Amino acid sequence: MIKAILIFNNHGKPRLIRFYQYFAEDMQQQIIRETFHLVSKRDDNVCNFLEGGSLIGGSDYKLIYRHYATLYFVFCVDSSESELGILDLIQVFVETLDKCFENVCELDLIFHMDKVHYILQEVVMGGMVLETNMNEIVAQVELQNRMEKSEVNQVI
Amino acid sequence: MALKIVKGSIDRMFDKNLQDLVRGIRNHKEDEAKYISTCIDEIKQELKQDNIAVKANAVCKLTYLQMLGYDVSWAAFNIVEVMSSSKFTYKRIGYLAASQCFHEGTDVIMLTTNQIRKDLSSPHQYDTGVALTGLSCFVTPDLARDLANDIMTLMSHTKPYIRKKAVLIMYKVFLKYPESLRPAFPRLKEKLEDPDPGTDAEPHLLCVQKLRILIEDSDQNLKYLGLLAMSKILKTHPKSVQSHKDLILQCLDDKDESIRLRALDLLYGMVSKKNLMEIVKKLMLHVDKAEGTTYRDELLTKIIDICSQSNYQYITNFEWYISILVELTRLEGTRHGHLIASQMLDVAIRVKAIRGFAVAQMATLLDNAHLLTGNTQRNGICEVLYAAAWICGEFSEHLEDPMQTLEAMLRPKVATLPGHIQAVYVQNAAKLFATVLRKHEGETDSQAAQETSQLLIDRLPLFVQSANLEVQERASCILQLVKYIQKLQQKNVEVAEEVTALFAGELNPVAPKAQKKVPIPEGLDLDAWINEPPSESESEDEKPKAVFTKEEHKHSRSRHTEVDEKELARRREVRKQEQANNPFYIKASPSSQKVYDAPGVEHIPVVQIDLSVPLKVPGMPTSDQYLKLEEERQQKEKAERKKKEKKKKREKRGKERKADSGPESEEDIRPAHQVDIVTEEMPENALPSDDDDKDPNDPHKALDIDLDKYVYSEKLPVRTHRPEVLKSPAEDRVNESIPQETKKRSGKEKKEKKKGKEKDRKIKPTVCWFPVQKSSKHKKKKQKKEKEEKEKKKKKRHHHHHHHSDAGGEDSVQNGTVEEEEPLPPMSNYSLLAENSYIKMVYDIQGNHQDESKVVVSVIFENKSDSFLKSMEFNVLDSLNSKLQRPEGAGPHDSLTVPFQLPPGVSNEARFVFSVQSIVMPQKLKGTLTFIVKSDESSTHEKLDFKLHFTCTSYLITTPCYSDAYAKLLESGDLKGSSLRLEGINMPFHHLLARICFHHHFSVVERIDSCASMYSRSIQGHHVCLLVKTSDQTVSIDAKCDEPSLLGNVLDEIKQTFSKC
């Protein structure tokens, strides 16, 4: 299971948070801070796996993350998830974002947090991996966007 | 309508959207908090508008603010509104917000059930998809139970997109509502073989040699994964991994902490008797080098873990281990002092052979204590002194110079240690004192003994002044004792023996599960009477209360008379035999002290303490020397073995050569100390089974269901209204009491009965649910009858939101009744609201602590006619005090649509939220239900008037209260009293209490005979306390509450409840 997905930038500013287990807001912020602290002090040439976050999960959990330009994509997962699988999933997610936003950059995430969520919802559901095929994800996202557009047109 | 839309769009032009909000926040970097608070005010205004687009926009912005750490749960109701929009665009905004901030404690979740069901069955797949996605994040046990059936249906949806989501979400449903697993299993199994939802199977994996290549790779991820895979293979093929020890030790030097930790983890599984010392030596080197306390502490715990795993299985030389522990004490600023301390204690107590050595080491540690107390930063490590002092005291007979240690323990600097350690110091100083006295006994010159007494009398006052009570108390007791002893000494009285007697007895280790593991010896009947049973006449006098209790009495009588004197004598003999064999019985014979005689201790050099080098523990042997010794020993043994082998080989010459390069087998290594700590701590005939090792907190434990046992008629629960749901706990007890009576007949029968009982229990969930809505058309009459019967018999079960009324029911059993009392009659909290020839409405009102101004009215609508009832509209004429909560934008007189239709004979429940201001007075609200009766030919519009009665009781919530808190509350004097007398109450006391608990939401705090104290709390936090007494047929209730008028009304209502009986 995936317990949480956090996206934050090089300064620890959250760009998307998605917890699959309930934490109160202040705890969520604490977790973001801790995770940022753990992840940001690591060099870029070390591995992408990290154990020992104290606030979320405990010993059974690990952080799997990737660092792209200004953003960290961090997945907090339990031992039932495959490390490589999640690493791949992050890549798929980011490539999907790239396709949907056309050369995605941090600003896209900042201004369209809702859209990022909708894309993520097609990848992970309730902490479980839903779809890993990028084309399928993009197709579903676009169909839903089209539906939204047609509704807007109706109103106008 | 058109105007409304235009107006809406104009409004929207001025509203901020998400992008504007984000931009605004970015432009207000200096006063971000202030800016956001104005934005939240705007959002609150927007949420008040009728326009759903405006609301959705506001909710979308809230979702963003939630990410920044703002609590947006106050908008939960608005989120539900947006979720229920018919437009996909808004619906998905609503569901997203809900999935980000709803959780099991969110009370409006209960309002979403019908909306979610509607969305799940929507013709648009994305409505369904969005609902499934949202639900997967905030599913509660209630939602899981109510929607399990709908989701099951979706597993056969035409669209793979939906099927896939439905299958995934079932997992969450099972976790929240495990009862649904069994009936869903066959279909789930089928779906998991569904070819469409493509889940990647991950390739597994490679041999260890290949892994070595991975680990040697420069790519850190590969290295990490290689180590991870190694640890998986280690479990099955430990030998093949062990040969790569070098590589793994090398990884401890990696710059990447993740890799280092992985390697450490791997080492834990790799150690053997042969390589433990070597591995730990490497780890100790790393401890020295480690930068940063986190990694160093991790190393420390790992060293201890590695050494202590499976009862010190791999330790061949405990002297070495004690030395390692002592070396670890030089770690500055570690948090794990207590860990080292507990290891020292554990080893010293359990490994008897090592006590002499351990005591010597601990004495040196105590002598060096100044090293440890010098810096408060190193506080964590001073915990080891706790162990050191205790070991020196408890096993003081091993001390070479107890006087010196005693002196060390009473140094003034000790007073700077934490209190709990000082306390141990003081107590063990007394033990040492006893030892010193004994040592000097019989000497003609009593000078030394008297000096010791004087030392204590001089030093102890320092501890008597301690701020720590424990230290103070122990010190002053011991001081007085020593003073008294000194007096005796001066009279030349021999005291040593008596002083020693204070601390007599050896402490034997006992395994934590030992007691449990002792099998019940044959012939021992735990149910048999120990004393003579009460005579027949006595028990008759006592009370022939209920029917089945009397029977039980008879039963036990008839059984124990069978046990005659001979039998008793025989059993006693058996028991004695058992005790003799049982190591846990402290036997009369004194246990012999083992004298330590391991070689090498005498050679330990005791060097003068070097104060200038605090990082070493001077005067201590280093663990390295043991490593050398061990190597030598092994070398020797090996040589001997080789000699033997050569002999053998010579005999076997001509045959194939034995490959000798592989690692030696474990059996070849003999431990330096023969230690068998485990069997010593367990009873001889302990049972090997270990079924209690399962983690009780494992969330997946609920799913531990045997799916192979297929129960034919199982169906998923369908949402029905509560009175059908189940059995009162009382009835449950009746059922259970039946096997109890028969239980004692014979062993075999008993077992069978038990099995039967378990089966019953497993099947139970299926009995309590039956599909109402589906089969209703076909068998409505039969079903109705069934339902009525059930309603009479049974009572509701867990229902999350109505939790407190349940608790009332349970409480009444737990607190109100004692075993021998008769079962409770069935009770229901639902009272009639209104009824005509078409429809019957019953209702119940519940509050909760989360919102002091809201109550929820649950109304069950039952269609009594043969026609279809639809378009039900529920409306209430609000008063100033109590108002029906209507959706945002609705007028104050608008009616609410009941979210379902009723086919003939079917009933369903709807909930309405009311806001109330004052709760001290009961209130009645007039209301009307309008509905359309639709039969084949015609349809008519009907209405039914009703009066909703908000009693003061409905504002009370069953709240447990401990008796001490209760007493404090009464003593506080803030409560005002009132009282009530009920005459002619003809029911058992526990029934009376149960009724008050159930109907008036109280809980029993304490019950003594015919007197009970009870407690409840209002939604606005008023405390209501009752003292209920009964004698003959009169019940007197003395009551106290911080709100007199509320109390008066509650008492009136209680009076009414009992006037109806």
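1. Basis. The model is predicted: local features need pLDDT of at least 70, side-chain atom pairs count only at pLDDT 80 or more, and totals for chains, interfaces and linings use all residues. Residues are numbered from 1 along each chain as its sequence is written, chains are lettered from A and ligands numbered from 1 in the order in which they are written, and side-chain values use heavy atoms, with hydrogens and water left out.

2. Sheet of chain A. Five strands form an open, antiparallel sheet in the order E2-E1-E5-E4-E3 (chain A). Helices (H or I, at least four residues) and strands (E, at least two) are DSSP runs numbered from the N terminus, and two strands pair if DSSP finds at least two bridges between them. Strand E2 (14-19) and strand E3 (49-51) of chain A are the edges; each has a single partner strand, so one side of each has no neighbour in the sheet. The twist from one strand to the next averages 20 degrees. Angles run from 0 to 180 degrees between N-to-C directions, and axes are lines fitted to C-alpha atoms, for helices over the stretch in contact.

3. Strand E1 (residues 2-9) of chain A runs antiparallel to E2(A), joined by 5 bridges. Ile7(A) has Leu16(A) as its bridge partner in E2(A). Helix H4 (residues 113-121) of chain A packs on this sheet and touches E1 and E2 of chain A, its direction making about 40 degrees with that of E2(A). Contact means heavy atoms within 4.5 Å.

4. Sheet of chain B. An open sheet of 5 strands with antiparallel pairing has the order E1-E2-E3-E7-E5 (chain B). Its edge strands, strand E1 (831-835) and E5 of chain B, each pair on one side only. Neighbouring strands are turned against each other by 35 degrees on average, direction ignored. E1(B) is joined to strand E2 (residues 839-848) of chain B by 4 bridges in the antiparallel sense, and Ser831(B) has Tyr843(B) as its bridge partner in E2(B).

5. Strand E7 of chain B. All 10 of the 10 residues of strand E7 (residues 907-916) of chain B are buried, that is, under 20% relative accessible area, with exposed over 50% and partly exposed in between (1.4 Å probe, protein chains only). In a regular strand the side chains alternate between the two faces of the sheet. Here both faces are covered, with Arg911(B) among the buried residues on one side and Phe912(B) among those on the other. E7(B) pairs antiparallel with strand E3 (residues 851-863) of chain B over 9 bridges, and with strand E5 (residues 882-884) of chain B over 3 bridges. Lys854(B) is opposite Ser915(B), and Ser882(B) is opposite Val916(B).

6. Helix pair in chain B. The axes of helix H26 (residues 447-464) and helix H27 (residues 469-490) of chain B come within 9 Å and cross at roughly 155 degrees. H26(B) is therefore roughly antiparallel to H27(B), the term for angles over 145 degrees. The contact includes Leu456(B) and Leu460(B) of H26(B) and Ile478(B) and Leu479(B) of H27(B). Its residues divide into 12 nonpolar, 8 polar and 1 charged; Ala, Val, Leu, Ile, Met, Phe, Trp, Tyr, Cys and Pro count as nonpolar, Asp, Glu, Lys and Arg as charged, and the others, Gly among them, as polar.

7. Gln19 of chain B. Gln19(B) lies in helix H2 (residues 18-27) of chain B. Its relative accessible area is 18%, so Gln19(B) is buried. Leaving aside neighbours within four places in sequence, Gln19(B) is in contact with Phe111(A) and His112(A).

Notes:
Angles under 35 degrees count as roughly parallel, over 145 as roughly antiparallel, 65 to 115 as roughly perpendicular and the rest as oblique.
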